[in-house]
Amino acid sequence: MSYFISILNLILIYIILTESYNLVLGYTGMVHIGHVAFMAIGAYASALITAAGYPFWMGLVGGISISALCGLILAIPTVRFKEDYFVAATLGMGEIIRLIIINERDYTGGSTGITKIARPELFGISFASDFALLAFNAVITLIVLLFVYRLVSSPFGKVLESIREDEIAAESLGKNTWAVKVQILIIAAALAGLSGVLYAHTLQFIDPETFNIHRLIFIFLIVIFGGSGNFWGPVVGTIILFTIFEAMRFLPLKPAVLGPLRWMIYSAILIAIIILKPKGIMGEKLTRKKL
């Protein structure tokens, strides 16, 4: 039972992460290669704050705030870049964060990571048990989903879509696209940091390999599979793909075979979606028809 609860916890955490990435990639049209770095920042910040003896809520606030601040630092100089330069800049940022985590061994534990991270505790309530932790993550995920839904349904969300479709046209209508893109990068970084906080305190262990390029490819696949620029896309995509890939663990295959096979399936699903259903299984056009 604890295995299935841990899978549900991961699904909830990844829903938050993919929703944050969908804001950048799906709604604003920016290909952000370093997004997982904000998850790492949130995870390590919260783990270090709580390891120093401070309560969980300070780790939660600190992880989100530091991730948002790093999002601001990245956004200000890069949002004016053209697409290929923006990709290169975000890739470089992600690599810098990874190298800092590996080399600052006194704080981050280097390649061995941080262990024995405390479970969440708020208002004197401990969420140490599996069911309590699942309920906690479910409530946080629900709050995030409500926030994202209100955000993308608001006039601000419509500006994001206009930037994605034609940034020059949006500017001609008087929209400050630079400010809007900076704001959405900060919001997305904060949400990614939140997912990192929950990840660290749920698994109670983090290391640099947890936040490598493979993680980004996975969330990219989820967003494209579920439906880029669609609110429900990351939710449905996370549930389906997590179920498929976790079910593969029970195949009678050696790890040396299962690892490459998983990447082959990643690639096959991505190619099939691009060819057969470019809008994803919850494509944007479905949403527009209902409106």
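**Close-up views of a predicted model**

**View 1. Contacts across the sequence.** Take the contacts in the protein (heavy atoms within 4.5 Å) between residues at least 6 apart in sequence: 76% of them join residues at least 24 apart. This is a predicted model, where local features need pLDDT of at least 70, side-chain atom pairs count only at pLDDT 80 or more, and totals for chains, interfaces and linings use all residues. Residues are numbered from 1 along each chain as its sequence is written, and side-chain values use heavy atoms, with hydrogens and water left out.

**View 2. Helix 6 beside helix 9.** The protein has 13 helices and four strands, taken as DSSP runs (helices H or I, at least four residues; strands E, at least two) numbered from the N terminus. Helix 6 (residues 130-153) packs against helix 9 (residues 177-203) at about 170°, their axes 11 Å apart; axes are lines fitted to C-alpha atoms over the stretch in contact, and angles run from 0 to 180 degrees between N-to-C directions. That makes the two helices roughly antiparallel (angles over 145 degrees).

**View 3. Residues where the two helices meet.** From helix 6 come L133, F136, N137, I140, V144, F147, V148 and L151, and they meet I184, I187, L191, L194, L198 and T202 of helix 9. This contact holds 12 nonpolar residues, two polar and no charged (nonpolar: Ala, Val, Leu, Ile, Met, Phe, Trp, Tyr, Cys and Pro; charged: Asp, Glu, Lys and Arg; polar: the others, Gly among them).

View 4. Of the 291 residues, 50% count as buried, meaning under 20% relative accessible area with a 1.4 Å probe, protein chains only. The C-alpha trace spans about 55 × 45 × 35 Å along its principal axes.

Key. Parallel < 35°, antiparallel > 145°, perpendicular 65-115°, else oblique.
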